[in-house]
Every structure is written in structure tokens, then in C-alpha cells.
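Colleague: I would like to learn how to read a model of this kind feature by feature. Could we begin with a single residue and work outward from there?

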Amino acid sequence: MKFKLSQLNKQLRVVGGLLQPITQVKSPKTFKKVQWLYKKLYAKKRPKSSDIFYQEEWIKGNDDNMIRLCIYGPKNPTATKPVTGLLWLHGGGYANGLPEQETGTIEEFIHTSETIVIAPDYRLSIEAPFPAALEDAYASLLWMKNNAKTLGINENQLFIGGESAGGGLTCCLSAYAKDKGDVKIAYQIPLYPMLDDRMQTPSMKDNNGPLWNITSNKTAWKLYLGAAFKTDSVSIYAAPARLNTYEGLPPTYSFVGREEPFYDETKNYIEQLQKAGIKSQLDIYPGVFHAFDLVVPKAKISQKAHHNLMKNYKMATQTFYQSQN
């Protein structure tokens, strides 16, 4: 789907026009340069709200690697019982990103419903391809479950979520955890997730939109999948669009832009969940580019998207539980 700037919401058009020509990533070297920029911009970012704490924990990964966890929560909780635990996975095409870039959204979650948020600094594809990110996410999920009591988390209310590649990793982790059977996930929030390495959907084909497009997507999948790229040996835990069954996955909320490259794969994922009888909701916003809510947070449509996200999150914390027994 060829993208035209005239399709954009007026409040996003200027930023979209600036981003469109400079965000078509064609090589792994570019991703490495972008990661340098991420570190400069976000490495020291902390919550603006004085009522939210931040701390770091280092845990051992599956490959004897060390995983840095960013932990957030209310400094002076009012809840008299354990609260929701949310594992939040950053985006960046699996090649870029840091947990700290999600600080604003994390603060919103905590203010909406008292929550302990764990945001892992999982390995990127520029360091290690699949399954490194999945293994780090799973190790972080296990750590959250095993330390729930110490953290003040209700172990029967473990949520996961993320945006873009973090949304795709959320869906991978849901399927992986279900099949492993060690952790029961109560709810998932994969926002405009990166799900399909085959890139044959109408919204992805020829998409030249701002921030993320088919050129960047091809480069990212090739880097993440390595030798499996463009083969039928791609794991369902790398590309959840390849799942054969959706039964047993957790209730889900997502939103996506109508013109963005991940529109069709997100819509199909939610429809498959609904067909499997899983309570799932998708909000669709016209005239927006990928990750519009993070890039232009003050736009009315971005504020609407986050209002609806937090409304659904509040509902989920009051509704969805999954016993670990």
C-alpha cells in the first residue's frame, strides 16, 4: 500500500513529512547508528512523576548473559493488597531500543492502576538474533513470577505488553509461555505489533510510510531471523502470524493505524483470537503513521489512543486473573 502524506491526520502531517524520507532503513549498519542515538536520547531518562520509583535489577539469562531490568512502581502505594505486575517490552524492530524510551507510557499505566512494571533490556538482533530476545523476555517473566511476593505483585495477575517489535515479542511470549506451562499470563497488550515475516499483506506491500515501512521491516526481519529469513523454517515464536492455534492465549487489547504497515497483521491476529473464543479488542485509528502516539504524543488522536488504552487497562486490572496453580 503506497502511502501519501495527504492521508495523515493534520496534526501528524508535518512530522510525518519530515520522517518519511529519513526512516527507510536498508542496512544493519544503520540500525547500529540508530541504537547509538537511542542511548544518547533515552539511557538516562527517568520518571517525571515524583510519586513513581525507579530501580534496576540484573538477572541471569538463558545463555549466561546478564539482563538489565528496569523496575517502576508507586512510591507510596494505597493498595492494601498485591497489585498487577506488567512486563513491558520496548519496540525498535528487534534491532533498536531501550526500556527507558517507554517511561512515559509506563507512568501512565502506574497512574491509571497501581502497577509494578518490569521493563527488560532484552538483547537486540544487532547483538544476537532470534531466539535471544524471546529468551530474555521469558527469563524476565519467570523472574517477575518468582519474585511476585517481594515486589508486591499479585502472582495471579501477570500482564505483558509492548509496542511494535515489543508488541510482536508480547505475542511470541504469550504463545511460548502457554506451551511451556510455567507461567500463566492473565492479559496481553500488543500495540501495533510486528508479527509477520512474510510481509505479503496489502497494508505492508510497498508501504513507504513514515517511521516504519516495508524497507525497514525487511531489514529488521532479515537481521532478526538470520538464515531462516525467507524460508518456511521460521519459528512461530519469532513470527506469531504463523501460529496454527490461538486457543489458550490470554485476553488481549491492541490498537493500530489504518494506513500503517502492521494494520492487516494486527487485525488478523485479533480476529483469530476472537474466533478462538478469546476476549479481544482492537481500536483502529485512521490517518496515522506507525507509533504515532509516541512520536507526537500531544496530537488529539494520540491522546485519544492513550485514553482508550488506559481505559482498557483499568478494566483489565479489575477483571482478568489467571491462577498460577
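**A buried loop proline, and what surrounds it**

Modeller: Proline 99 lies in the loop between strand E3 (83-89) and helix H3 (103-112), where helices (H or I, at least four residues) and strands (E, at least two) are DSSP runs numbered from the N terminus. This is a predicted model, in which local features need pLDDT of at least 70 and side-chain atom pairs count only at pLDDT 80 or more, while totals for chains, interfaces and linings use all residues. Residues are numbered from 1 along each chain as its sequence is written, and side-chain values use heavy atoms, with hydrogens and water left out.

Colleague: Is proline 99 buried or exposed, and which residues does proline 99 touch?

Modeller: Buried means under 20% relative accessible area, exposed over 50%, and partly exposed in between, with a 1.4 Å probe and protein chains only. Proline 99 has a relative accessibility of 1% and therefore counts as buried. Contact means heavy atoms within 4.5 Å; not counting residues up to four places away in sequence, proline 99 touches Arg68, Cys70, Tyr72, His90, Ala119, Pro120 and Asp121. Its C-alpha atom is separated by 22 Å from that of valine 183, 84 residues apart along the chain.

Colleague: Which backbone angles deserve attention in the other loops?

Modeller: One to read is omega: a cis peptide bond, with omega about 15°, joins phenylalanine 130 and proline 131, and proline 131 is found in the loop between strand E4 (115-120) and H4. Another is phi, which is positive, near 55°, in methionine 199, a residue other than glycine. Methionine 199 sits in the loop between strand E6 (187-191) and helix H7 (214-225), and at 6% relative accessibility methionine 199 counts as buried. Lysine 230, also not a glycine, has a positive phi of about 65°; lysine 230 is found in the loop between H7 and strand E7 (252-257) and is exposed, with a relative accessible area of 69%.

Colleague: How should I judge the length of a helix, and what span does helix H8 have?

Modeller: The expected span of a helix is 1.5 Å times one less than its number of residues. Helix H8 (residues 263-275) has 13 residues and should span 18 Å, which agrees with the 18 Å between its end C-alpha atoms. The buried residues of H8 are Tyr263, Asp264, Glu265, Thr266, Tyr269, Ile270 and Leu273, and what covers them includes helix H6 (165-180), E6, E7 and E8. Just after H8, glycine 277 takes a positive phi of about 85°.

Helix H4 (residues 132-146), with 15 residues, reaches 21 Å from its first C-alpha to its last, close to the 21 Å expected; 13 of its 15 residues are buried, so H4 is largely enclosed by the rest of the structure.

Colleague: Where is asparagine 308 placed, and which residues is asparagine 308 in contact with?

Modeller: Asparagine 308 is in helix H10, which covers residues 300-319 and reaches 28 Å from its first C-alpha to its last, close to the 28 Å expected for its 20 residues. At 13% relative accessibility asparagine 308 counts as buried, and, leaving aside neighbours within four places in sequence, asparagine 308 is in contact with Tyr253, Asp283 and Tyr285.

Glutamine 281 is found in strand E8 (residues 280-285) and is partly exposed, with a relative accessible area of 34%. With neighbours within four places again left aside, the contacts of glutamine 281 are Thr252, Tyr253, Ser254, Ile270 and Asn312. Asn312 is also among the buried residues of H10, and Ile270 is among the buried residues of H8.

Colleague: Stepping back, how many helices and strands does the protein chain have, and why can the protein chain be called as compact as a globular protein of that length?

Modeller: The protein chain has 10 helices and 8 strands. Its radius of gyration is 18 Å, close to the 20 Å that the globule rule gives for 325 residues, so the protein chain is as compact as a globular protein of that length; the radius is taken over C-alpha atoms, and the rule is 2.2 Å times the number of residues to the power 0.38. Buried residues make up 59% of the 325 residues. Of the contacts between residues at least 6 apart in sequence, 77% join residues at least 24 apart.
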